[in-house]
Amino acid sequence: MSTKKFNLIAILLILTLSTTKLWAQDQTGEKQKKEMTKFNDANERKGVKFKVIPGPFYDPSIKYGMFLAPMLTYYPSKGDMISPASTTAFYGIYTSNNSYIIGMNNELYLKEDTWRLKLRAGYGNLNKDLSLYGVDENGQLDYSQKTVQDVTQEVRQLETYAMHKVVPSLYMGLGYTYKSYGFTGNTPEAVEALENNDMNGASVNHGLALKLDYDTRDNVQFPYKGYYMSYTGTEFFSEGQNNNAYFSNNFKMMGFWSLTKNHRHIIATKVYGNILVGDVQKQDFSIYGRINGDVQRGYQSGTHTDKNALNVEVEYRYTSPLLNNKLGFIAMVGDGKVFGYYNNFTDAEHLPVVALGIRYAILPYERINIRFDTTYGKDGMVWYFGIREAF
């Protein structure tokens, strides 16, 4: 994307935000005066809430499809008015290019949020485009020759950890991860390109993790205020005859600020990093767009890959009084890089993005939304539809 095009998008985004701000300031009707919905905590925390969320699905790497996600929200500890909502969700996705994903996610918050237990598991076959490098006349990788190949990525992953609050706002815990990432070429050219790039077959790892979280957010789903800083260090061990042991450093830093007393206008920021050390197989490299469950909006997963990744996003969130405070809007700008093997950090290209989105609260008390985002980056337009916030 040219600098001129990106500047134009940025100007349009600024104008949109300015117009929204002026509109909000000029309203004198009853809706503008309306506060956010008030809830009775004791009533909302009774029993189990069950939602089945069907809908259209789109991911830039695996195209259009449908998803089905039964989800339970509940509060396991009796009389607990502090813990966030625990959730158990199952999901299935099938897309127009015959990709599919099945999985589950379980998050438990116990005993006034002194314990946090999480389990995530999934399996999928993803038909996607993967950027690979060509070879020169000597059979060596030529980084000036970048090709896009039709491949299938098989993903199997299990991740779990348990954390305990050791001092106010600080959690410490241990975790375990099993993962298998593998690529298969769908054309003779793709098979040859995967072999040339040392990416044919699967990389299988087991890992033990140390996790530290500092969390002052008022809500884990859609915070009005607070900070969240997380570090996960995982030692992955060699599997079988493969010398593929490495250490993963994964960190997130987020901040949330309400601009008004009624929390309708919020600024949210995120810094995400995935830094790998050791004998990392290329199947385990950072694939920008979706890394370890974290989404880097604006880019198709598979078109920008390297050993490490860094992503920064700044988002403006507006909760309107429409539909009884259930309808919201966002605007986002961001940038990122992948680096460390093919390019150093300085030479790696920037991956800027701008976005506009819509939110609808399906569980208002828990602040769980469905979201639709339209983004524009160097690779063009990309849009997303999903449950919960991107961060």
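## Cavities, strands and side-chain contacts

The structure holds two cavities of 30 Å³ or more, and it should be kept in mind throughout that what is examined here is a predicted model. Rolling a probe the size of a water molecule over the atoms shows where empty space is left. The second largest cavity has a volume of about 70 Å³, and its lining is made up of Leu130, Ser131, Leu132, Tyr133, Lys146, Asn197, Met199, Thr305 and Tyr342. By residue class this lining divides into five nonpolar, three polar and one charged, and strand β5 provides the largest share of it, with four residues.

The largest pocket has a volume of about 960 Å³; it is lined by 47 residues, of which Asp218, Asn219, Tyr224, Tyr365 and Arg367 are the closest to its centre. The lining of this pocket contains 18 nonpolar, 12 polar and 17 charged residues. At least two lining residues are supplied by each of β16 (308–319), α5 (322–325), β17 (327–339) and β18 (353–363), and the largest share, four residues, comes from β17.

The pairing of strands can be followed through β9, β10 and β11. Strand β9 (residues 226–237) runs antiparallel to strand β10 (residues 246–258), with 11 bridges between them, and within this region Tyr227 stands opposite Gly255 of β10. On β10 there is also an antiparallel pairing with strand β11 (residues 265–278), this one over 13 bridges, in which Trp257 has Ile267 of β11 as its bridge partner. Strands β10 and β11 form a hairpin with six residues between them, and in the turn His263 has a positive phi of about 65°.

Charged contacts come next. Side chains of opposite charge can pair when their charged atoms come close. With a cut-off of 4 Å between a side-chain nitrogen of Lys or Arg and a carboxyl oxygen of Asp or Glu, the count comes to 18 salt bridges. One of them joins Arg388 to Glu107, with the closest N and O atoms 3.5 Å apart. Because Arg388 lies in the segment after β20 (380–387) and Glu107 in strand β4 (residues 100–110), this pair ties together parts that are 281 residues apart in sequence. Arg388, at 17% relative accessibility, counts as buried, and Glu107 is buried as well, with a relative accessible area of 10%.

A second salt bridge is found between Arg120 and Glu159, where the closest N and O atoms are 2.7 Å apart. This pair links distant parts of the chain, since Arg120 belongs to strand β5 (residues 115–135) and Glu159 to strand β6 (residues 141–167), 39 residues apart. Arg120 counts as partly exposed at 25% relative accessibility, and Glu159 is likewise partly exposed, at 23%. The side chains of Asp213 and Lys211 also meet in a salt bridge, at 3.5 Å from N to O; here Asp213 is buried at 2% relative accessibility, and Lys211 is buried with a relative accessible area of 8%. Elsewhere, salt bridges that share partners join Arg297, Glu313, Glu315, Arg317, Arg359, Arg371, Asp373 and Glu389 into one network.

The aromatic side chains lead back towards residues already named. A search of the whole structure finds 18 aromatic pairs. Among them, Tyr133 and Tyr143 form an edge-to-face pair, 5.0 Å from centre to centre and with 70° between the planes. Tyr133 lies in strand β5 and Tyr143 in strand β6, so the pair ties together parts that are 10 residues apart in sequence. Tyr133, which also lines the second largest cavity, is buried, with a relative accessible area of 10%, whereas Tyr143 counts as partly exposed at 40% relative accessibility.

Another pair is formed by Phe339 and Phe345, whose ring centres are 5.0 Å apart and whose planes meet at 85°, so that this pair is edge-to-face. Phe339 counts as buried at 12% relative accessibility, while Phe345 is partly exposed, with a relative accessible area of 39%. Finally, ring pairs link Tyr133, Tyr143, Phe285, Tyr341 and Tyr342 into a cluster; two members of this cluster, Tyr133 and Tyr342, belong to the lining of the second largest cavity.

Terms used. Residues numbered from 1 in each chain as written. Predicted model: local features only at pLDDT ≥ 70, side-chain atom pairs only at ≥ 80, totals over all residues. Heavy atoms only, no water. 1 Å grid on protein atoms, 1.4 Å probe; cavity = no way out; pocket = protein on both sides within 12 Å on 5 of 7 lines; lining within 4 Å. Points joined across faces, edges and corners; volume = space filled by probe spheres on them. Nonpolar A, V, L, I, M, F, W, Y, C, P; charged D, E, K, R; others polar. Pairing = 2+ DSSP bridges. Buried < 20%, exposed > 50% of the residue type's maximum accessible area, 1.4 Å probe, protein only. Phe/Tyr/Trp six-rings, centres within 6.5 Å; stacked < 30°, edge-to-face > 60°.
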